[in-house]
Amino acid sequence: MSQHRRPLPRGPDTMDLPVRFPPKNNSWGASNSTMMAHPESDLMEECLKQDLKFYFMNPCEKYRARHQIPWKLGLQILKIVMVTTQLVLFGLNNQLVVSFKEDNTVAFKHLFLKGYSGIDEDDYSCSVYTQEDVYESIFFVINQYHRLKNISLGMVGYEENKDDRIGLKVCKQHYKKGTVLPSNYTLNIDSEVEIDCIHLDPQVPATENSGHWMNSSFFNLEFYRLLEVEISFNLKGIDLQTIHARELPDCYVFYNTITFNNKAHSGRIKIYFDTEANIQECKGLHVSGSSQKNTQYILMFDVFVIVGCFTSLILCTRSIVLALRLQKRFIRFFLEKYKRRVSDADRWEFINGWYILVIISDLMTIIGSILKMEIKAKNVTNYDLCSILLGTSTLFAWVGVIRYLGYFQTYNVLILTMQASLPKVLRFCACAGMIYLGYTFCGWIVIGPYHEKFEDLSTVAECLFSLVNGDDMFATFAQIQQKSILVWLFSRVYLYSFISLFIYMILSLFIALITDSYDTIKKYQQNGFPLTDLQEFLKECSGSEEYQKQAPTPVTFLCCCQRTFQDW
C-alpha cells in the first residue's frame, strides 16, 4: 500500500473472511514447520492483517484475488430490478384506485350538492347565505339519495351505515337553549351542545314520505343555536376498469358525509363534502378470461421478492456481525501491541452504513410486499401504508447503487463530498434553523391576518422556503393587503430582511461549506488521502496479488483454531 492511498472501499461481498494460502512451491510439511517456527503472536498478527485486507476489498478485487464470482453482488442487483418492477406494477394499479376514488368523489358532489359549480371554494365545496338555501340544500341531498338508482351513471348501491341500518342519517348539533338579540347586544346561551339525529330509509319512496319528514319539527332549525347539520350515508360500488389491466374488479364502500357548518355564525354556512373509500372483499364475482391468472402471477412474483429480500437481509446481517467481530479483534490487538486505544474514525471504518441501509430497505420491502399481497386478496385496504413502505424501500435500494459506483475514483466524488460536508452542514443548519423559526413565528402572527400565505405556521414555513429559493417573490410582495399602513411597512422590512439574509448570506455560506469539502476531496484524490491508524496497520499487509499467485490449498490448522476459539 502506497503512502498516499485513498480509504479502502467496502464491497457488498465483504462478509467472507479470507482463506490463508501457503506458498505454491511449499509442501504441507514445509508450510507447517515454517508456521511453527514463528511466535504465536506473529501468526495472529498476520491472520488479522489478512482478514482486514480481505474485508476491505471490493467484489472486483476479490474476484481477481480468489476468482470467486460475486454472487452476493448479483443478488443485490437482481433485488433492485425485482423491487423496482414490483413498485411499477403496484403504482399502475394504485393509479386505477386513485382515479376511481377521485371520479366518484366528483360525481357525488355533483349529485348531492345543490348548485355545485365543479370547483371547491377553498377547503370546502360550496356555501349558502340564506335560510331558504339551507333548507333546499338539505332536502336536495335527501331527495337525490332516494332517487340514486334512477339518476346515477355509476355502479353504486345502498350500504349499511355505522348503526347497521340501510339509509341516510341526519344529525344536527345546537346549543341547548339560548336567546340572542343582536339589536341591543343581548345574549343568553347555554353552551352545552345537544345532538339530535333522524334516520331515513331509502326503501320508502321519497314522494310518499317527503311531506312527513319535511314538515317534521326536526327540520325546524333555529339558526342562532345551530352549530352544524351532518348528513351521512354509505354507498357500494364496483370498479370495472381493473379488468382492462387484466386484474379482478375491486369492490368499494364509500362513507360519505355532508356537513353544513354554522359554528362561526357569520351569515355564511360552509358546506363540506367528505368521502372515504375502502376496498372490501367482493362476493359472488365470476370473471372469465386471463384476469384470475394474471393476479396469481403477480402474487407469485411478490413471493419471489420476499424470498430475495429475506436472503439479502440474512446476508447483510451476517456481514455486520462478522464486521463487529473483526472490529473487536483489531481493537484488542491494537491495544495490546501499541498500548493505546483505536480512534473513533477507525471504529467507524468497520460499520458499513450501506448494509444498514440495505437491511432497512429489505425489511420495508418484505412488510410492504405482504401488505400488497393482502390487498390483492382483498383482506387489507391500507394503500397508503403499503405505498410508503414500497416507495421508501425502492428509494433506499436505488440510493444503495451509489456504493457500486464508489468503487471507481471518478464516480465517488459525490459520496466522499457528502461524507466530508455532512457534519459541518448539520451544525450550520441547526444555527440557521433558529433564525428561520424566528421569522416563521413573526410572519405568522403579524402578517397572517393580511396575507393568505401567512395564515398558518405550515404555510408560512413553505412560503419562506420558496422565497429562499427565489420562487414567487413578486406575488408574495403584491398580495399583502394594504388595510393597515403599519403592517404594510412592517411586511416590507420583514420580507426584504429575510430575503437578503438568507439568500445573500446564509445560502451562500451553505454552498461554501459544500464547495470547501469538494475542494478538499479533489486535493486528496490528487495527492493522497491521509492515512488512519487502521490503514497504517495494513501497510505491511501483502496486496491482493499474492492471492492470485497462491494456490487454493487448505488453511493452517493453528490460524483457524486460534481465530475460531480465541478471537471470535
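Predicted model: local features only at pLDDT ≥ 70, side-chain atom pairs only at ≥ 80, totals over all residues.
A residue is called buried here when its relative accessible area is under 20%, exposed when that value is over 50%, and partly exposed in between. Among contacts between residues at least 6 apart in sequence, 75% join residues at least 24 apart.

An unreviewed UniProt entry lists residues 297-326, 347-367, 387-405, 425-447 and 493-514 under "transmembrane region". In the model, the span 297-326 is 100% helix and 0% strand, with its end C-alpha atoms 44 Å apart. Residues 493-514 are likewise 100% helix and 0% strand, and here the end C-alpha atoms lie 31 Å apart.

Charged side chains come next. Side chains of opposite charge can pair when their charged atoms come close. A search of the whole structure finds eight salt bridges. In one of them, the side chains of D362 and K79 meet with an N to O distance of 2.7 Å. Because D362 lies in helix α10 (residues 353-376) and K79 in helix α4 (residues 71-112), this pair ties together parts that are 283 residues apart in sequence. Both partners, D362 and K79, are buried. Helix α10 also supplies K372 to a pair with D302 of helix α8 (residues 291-338), so parts that are 70 residues apart in sequence are tied together. The closest N and O atoms of the D302 and K372 salt bridge are 3.0 Å apart, and both D302 and K372 are buried.

A further salt bridge joins K453 and D472, whose closest N and O atoms are 2.1 Å apart. K453 sits in the loop between α13 and α14, and D472 in the loop between α14 and α15, so the pair ties together parts that are 19 residues apart in sequence. K453 counts as buried because its relative accessibility is 16%, whereas D472, at 44%, is partly exposed. The backbone of D472 also deserves a look: its phi is near 60 degrees, a positive value in a residue other than glycine.

The buried residues of α14 are V460, C463, L464, L467 and V468. They cover an arc of only 145 degrees around the axis, so they fall on the same side of α14. These buried residues pack against α13 (413-447), α15 and α16 (485-527). On the other side of α14, E462 and F465 are exposed. Just after the helix, G470 takes a positive phi of about 80 degrees.

H265 belongs to the loop between β6 (250-261) and β7 (269-280). With a relative accessible area of 33%, H265 is partly exposed.

Methods. Residues numbered from 1 in each chain as written. Heavy atoms only, no water. UniProt positions renumbered as here; feature names shortened; annotations may be inferred. Helix = DSSP H or I, 4+ residues; strand = E, 2+ residues; numbered from the N terminus. Buried < 20%, exposed > 50% of the residue type's maximum accessible area, 1.4 Å probe, protein only. Arc of directions from axis to C-beta. Contact = heavy atoms within 4.5 Å. Salt bridge = Lys/Arg side-chain N within 4 Å of Asp/Glu carboxyl O.
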